[in-house]
Amino acid sequence: MTEQSPTVSMDKIVSLARRRGFIFQSSEIYGGLSGCWDYGPLGVELKRNVKQAWWQATVQERDDTVGLDTSILMHPQVWAASGHLQGFSDPLVECKNCHMRWRSDELKEPKCPSCGGELTEEKMFNLMFKTFAGPVESEENIVYLRPETAQGMFVNFQNVVNTTRRKLPLGIAQTGKSFRNEITTGNFIFRSREFEQMEIEYFVKPGTDEQWFEYWHQERFNWYIKLGIKKEHLRLYEHPKEKLAHYARRCIDVEYLFPHGWAELEGIANRGDYDLRQHSKASGKSLDYYDDDTKEHYLPNIIEPSAGVDRSLLAFMCDAYAEEPDKDETRVVMHFSPALAPIKIAILPLSKKENLSAFTKPIFNDLRKQWAVQYDDTQSIGRRYRRQDEVGTPYCVTIDFQSLEDNRVTVRERDSMHQIRIPIVELKKTLEKKLAGEDILVLPPGGEVVQAKGKDA
Ligand code: GAP
């Protein structure tokens, strides 16, 4: 197999994200807060779409999974039982000269990467953020910001089973913020201190766990491909037995070829009955499942596909990015799948003239009931197409003075740059079909191809 290299630099992604309002540094006007990021007007749409696509695939379209939304602050005993208080730590070293702190397991040499200084002995540093619940800052009021959403699903297992009357296999899914006081952050939104996860806890009968583990890692790998990531930019990595987390029987990562190299996008773990056993022991409550078919009581095993929203979003951005020659220029295009594109359709009246805007606005208002649509009537049409290409808008609809006469508009596709002219009465249905994947050159009644070789007028 030939060695792949990343197709885009992180600088280009960071610059586009900043320039077009996808992602900003947190608290930028104060110099920023390390490891925290803000999503701008386009970023928030993209992020919503990533979560929506995940929810659709893992909850909406499945018979065996239900959703949940649990609190960020949980009883402190949760973190003792889960093993986080004792074991959720990274090895920390400090430079004796410049006092920079590093994760020693990530250092290539035993000296400070910044100044070459001597390092202190390694000590374990717990990654959970601490705060206090209530007005008294005492030991007994310490609570933690959750470092994963998973525990909220384990401790609610009985509630979900009892209220939904579901049988195993049963998946519980949730998306939400998690917090880790990472020693080093970096690679843009790849590793931050505040981030969002999309996790499924899939409860199965013991003995069927291996089969479901196989199923889930393939299912999750395919989800990224379905949403447009190139297969050659994804791979699976199985953790060797001796390096598995204390709770895991097996763990496979879906890795993506990020600009900084291959790195984890999502982890799929076979957690056995570790979590329910620990919480049952610590809380004194039985978390057994009663299997009505076999008349047995047992602790289910858990398969956990755990993904990061921000990491997925970064991978979708990197994979969508392209610089393509066009006439004498280079156009930057984000080839987002329509499901993820922050704006689905741009409405571009040829000019700002009153009669044209009066004609265009009702079309815009009708389409925006169904999709995220942007109205843009500034600068030349060519520049407006470029702006939409750069943020990945799949279709532009141009309304010109001829439209006032013949009630027809031009639809231009982002990827091929083909243009068709169609009756306005066919517009909504046509866009629905195109956004669902129909070839742009398949015409509705009364439609014609006006440009089919990839050059803008
Ligand atoms: N419940 C299991 C769990 O949390 P993990 O491998 O520690 O497993 C799962 O995290 C996913 O969460 C990762 O694959 C990654 O996508 C995301 N993630 C973890 N730490 C992150 C961080 N500091 N910044 C951004 N995303 C992170």
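User: What is the relative accessible area of N407?

Analyst: This is a predicted model, in which local features need pLDDT of at least 70, side-chain atom pairs count only at pLDDT 80 or more, and totals for chains, interfaces and linings use all residues. Residues are numbered from 1 along each chain as its sequence is written, and side-chain values use heavy atoms, with hydrogens and water left out. N407 lies in the loop between α12 (401-406) and β22 (408-413) (helices are DSSP runs of H or I with at least four residues, strands are runs of E with at least two, and both are numbered from the N terminus), and its phi is positive, about 55 degrees, although N407 is not a glycine. N407 counts as partly exposed (buried is under 20% relative accessible area, exposed is over 50%, and partly exposed is in between, with a 1.4 Å probe and protein chains only), its relative accessible area being 43%.

User: What is the omega of the cis peptide bond that joins L168 and P169?

Analyst: P169 has its place in the loop between α6 and β9 (170-179). The bond from L168 to P169 is cis, with an omega of about -5 degrees.

User: Which element gives the most residues to the shell around the ligand?

Analyst: The ligand has 20 residues around it, with E148, R180, E182, E199 and E264 coming nearest (a residue is near a molecule if one of its heavy atoms lies within 4 Å of it). By class, the shell divides into five nonpolar, five polar and ten charged residues (Ala, Val, Leu, Ile, Met, Phe, Trp, Tyr, Cys and Pro count as nonpolar, Asp, Glu, Lys and Arg as charged, and the others, Gly among them, as polar). With five residues, the element that gives the most is β13.

User: How much of the accessible area that the ligand has on its own does the protein cover?

Analyst: An oxygen atom of the ligand is 2.8 Å from an N or O atom in the side chain of R180, and a nitrogen atom of the ligand is 2.8 Å from one in the side chain of E182. A ligand oxygen is also 3.0 Å from an N or O atom in the side chain of Q197. Of the 560 Å² that the ligand has on its own (Shrake-Rupley method, 1.4 Å probe), the protein covers 91%.

User: Which residue does the side chain of D273 meet in a polar contact of 2.7 Å?

Analyst: D273 has its place in the loop between β13 and α8 (274-283), and D273 is buried, with a relative accessible area of 18%. Leaving aside neighbours within four places in sequence, D273 is in contact (heavy atoms within 4.5 Å) with R249, L299, P300 and N301. The polar contact of 2.7 Å (a pair of N or O atoms within 3.5 Å; within protein, one must be able to donate a hydrogen and the other to accept it, and residues adjacent in sequence count only if both atoms are side-chain atoms) joins the side chain of D273 to that of R277.

User: How many residues apart in sequence are the parts that K12 and E323 tie together?

Analyst: K12 forms a salt bridge (a side-chain nitrogen of Lys or Arg within 4 Å of a carboxyl oxygen of Asp or Glu) with E323, the closest N and O atoms being 2.9 Å apart. K12 lies in helix α1 (residues 10-19) and E323 in strand β17 (residues 321-326), so the pair ties together parts whose separation in sequence, in residues, is 311.

User: What is the relative accessibility of D319?

Analyst: D319 and K230 meet through their side chains in a salt bridge of 3.2 Å, N to O. D319 lies in helix α9 (residues 309-320) and K230 in the loop between α7 (209-226) and β11 (234-238), so the pair ties together parts that are 89 residues apart in sequence. K230 is partly exposed, with a relative accessible area of 34%, whereas D319 counts as buried, with a relative accessibility of 5%.
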